[in-house]
Amino acid sequence: MFAAVTKLHRAWWIVAITFLTLVSAAAFRSTTGVMLVPLEDEFGWSRSLTAGAAALNLVIYGLTAPFAATLIERFSMRRVVSFALLLVAFGLVLTTVMTAGWQLVLLWGLFVGFGTGCLALVFGAAVANRWFVKNRGLVTGVFSAGYATGSMIFLPALTFTIENSGWRSATLVVAGFSALLAPIVFFFLRDRPSDVGLLPYGATEEPDMGPAAPATARGAIEVLTTSMRHPAFWVLAFTFFVCGWSTNGLIGTHFIPAAHDHGMPATTAASLLVLVGVFDLIGTIGSVYLTDKVSSIWLLVFFYGMRGLALLTVPVVLGPHVNPPLIFFIVFYGLDWIATVPPTVQLCREYFGLARSGVVYGWIFASHMIGAGIAASYAGWIRQSQGDYEIAWYTAAILCMFAAGSLFLLKKIPTIAQRESITAP
């Protein structure tokens with residue numbers, strides 16, 4: 001048994017460390033929805049204020065992502081990721097002594113937003129691209145599922161902790177997990193297989209990665225300006241904007257408060273989100289498998305279309321008790337939650353090349369989190385002004401339908417391989 005462990009390629013240990021890091025980032029993501037009501041009850045803050053702080057966190061999280069690849073290229077993975085974990089821990093600890101709303105906005109938005117942005121799926125995509133030739137799609141899917149696993153692990157425990165010991169205790173749990181993980185990352189994570197004298201998993205020779213990712217912020221912006229000339233960028237950015245709007249921004253931030261409005265206990269609503277996470281894990285693994293078998297464009301058309309139909313049912317199925325229609329929505333929506341990530345990453349590789357796809361995906365991921373931030377703020381405003389979330393659910397459903405339709409534009413846009421086959425003599 002020991003011999004089998006020692007023969008295990010180091011890439012899989014890197015996967016384990018990366019997965020734990022993504023779980024840590026997901027731990028904070030899973031707390032925002034369950035903390036809105038306790039914060040409002042203690043400090044007398046409005047839903048607009050707390051949702052605005054969550055929205056700023058999502059936007060900063062997203063805008064940091066494209067520069068995370070640049071920071072990793074310049075300062076190394078282990079330094080950037082371990083610093084980000086400590087920054088998240090520091091920001092969360094400070095929230096336990098805050099007394100004013102602007103402090104929540106500053107700490108959630110800037111400190112934790114920047115830290116978790118460095119731990120986004122862009123980091124996971126970089127690990128998959130550098131350490132794997134074989135099973136790259138599988139590893140990307142595993143990292144995508146890190147969010148769901150983080151929610152499954154932390155959300156029930158944090159909800160229980162908030163109800164029995166207060167939101168500060170729950171915050172310190174997440175901060176402690178991030179702080180403990182930081183030294184593990186620093187001492188064991190490595191940027192590339194060549195750093196330890198290895199080839200990527202599944203490679204028989206050093207693979208051609210193409211042009212390196214930019215090592216400066218200016219370079220990352222240049223990648224953006226170059227990518228913006230490509231029509232595929234706008235289609236993928238729009239669809240991922242809608243993805244963020246309909247997941248992290250709306251369901252992730254407001255599902256528990258919306259359920260609370262209908263008389264459902266917070267622990268029950270949190271359990272339903274955990275169930276979303278369980279089926280998200282299944283859906284993401286299925287998406288990884290299908291991405292290797294089916295056109296990524298058709299997968300995304302199906303995912304966004306089905307998500308839109310599911311969101312139309314929320315005002316009808318949400319109530320004080322768990323009923324079969326609500327369970328059906330949770331299962332159906334969970335299977336679709338992060339299933340959009342593997343085909344989107346694959347399309348980035350097809351349209352923009354392997355080496356630069358990480359930075360391009362970073363910018364597309366930024367649009368995802370900008371959509372999430374706008375949705376979190378918009379839904380909070382709708383709740384504040386209308387007294388319920390009904391318009392917010394319908395808005396997200398309509399956007400998903402538009403996203404599904406926009407993907408048909410990609411059918412007319414050639415990928416890199418298709419352009420090369422056309423221009424080759």
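Is W12 buried or partly exposed? W12 comes out as partly exposed, with a relative accessible area of 24%, where buried means under 20%, exposed over 50% and partly exposed in between (1.4 Å probe, protein chains only). The model is a predicted one, so to speak of local features takes a pLDDT of at least 70, and side-chain atom pairs count only at pLDDT 80 or more, while totals for chains, interfaces and linings use all residues. Residues are numbered from 1 along each chain as its sequence is written, and side-chain values use heavy atoms, with hydrogens and water left out.

Aromatic pairs come next. Rings of Phe, Tyr and Trp (its six-membered ring) pair if their centres lie within 6.5 Å; planes under 30 degrees apart are called stacked, over 60 edge-to-face, and the rest tilted. That rule gives 21 aromatic pairs. One of them joins W12 and Y201: the ring centres are 5.3 Å apart and the planes sit at 70°, so this pair is edge-to-face. W12 belongs to helix α2 (residues 10-43), whereas Y201 is in the loop between α9 (167-188) and α10 (217-227), so the pair ties together parts 189 residues apart in sequence. Helices here (H or I, at least four residues) are DSSP runs, numbered from the N terminus, as are strands (E, at least two). Y201, like W12, is partly exposed, with a relative accessible area of 21%. For F43 and W45 the picture is another one: their ring centres are 4.3 Å apart with planes at 10°, so the pair is stacked. F43 is partly exposed at 22% relative accessible area, and W45 is buried at 12%. Ring pairs also link Y61, F240, Y361 and F365 into a cluster.

Leaving aside neighbours within four places in sequence, W45 is in contact (heavy atoms within 4.5 Å) with L39, E40, T50, M98, T99, A100, G101 and L104. G101 is 56 residues from W45 in sequence, yet their C-alpha atoms are 7.3 Å apart in space.

E40, one of those contacts of W45, also takes part in a salt bridge with R47 (2.7 Å, N to O). A salt bridge is a side-chain nitrogen of Lys or Arg within 4 Å of a carboxyl oxygen of Asp or Glu, and by that rule the count is five. Both partners are buried here, R47 at 8% relative accessibility and E40 at 12%. Another salt bridge pairs R168 with E42, the closest N and O atoms being 2.8 Å apart. R168 is in helix α9 and E42 in helix α2, so this one ties together parts 126 residues apart in sequence. R168 is partly exposed at 30%, and E42 is partly exposed at 40%. Then there is R307 with D336, where the closest N and O atoms are 2.9 Å apart. R307 lies in helix α13 and D336 in helix α15 (residues 324-336), so the bridge joins parts that are 29 residues apart in sequence. R307 is buried at 1% relative accessible area, and D336 is buried at 5%.

On to the nonpolar interior. In soluble globular proteins, nonpolar side chains tend to be buried together. A nonpolar core is a set of buried Ala, Val, Leu, Ile, Met, Phe, Trp, Tyr and Cys residues joined through side-chain atoms within 4.5 Å. The largest such core has 105 residues, and W108, I251, L311, F329, F365 and L410 have the most contacts inside it. Helix α11 (residues 231-261) gives the most to this core, with 15 residues. L410, apart from neighbours within four places in sequence, is in contact with A232, V235, L236, I297, L347 and Y351. A second, separate core has 26 residues, including F123, A126, F132 and F143.

F143 is also among the contacts of A128, along with R136, V139, T140 and R349, once neighbours within four places in sequence are left aside. A128 lies in helix α6 (residues 121-131) and is buried, at 0% relative accessibility.Last, the surface. Y289, L290, V294, W298 and F408 form a nonpolar patch with about 480 Å² of accessible area together. Patches are made of residues with over 30% relative accessible area and no salt bridge, like charges being joined within 9 Å and nonpolar side chains (Val, Leu, Ile, Met, Phe, Trp, Tyr) within 5 Å. Accessible areas come from the Shrake-Rupley method with a 1.4 Å probe, and for residues only the protein chains shown count as cover. W298 sits in helix α13 (residues 296-312) and is partly exposed, at 42% relative accessibility.
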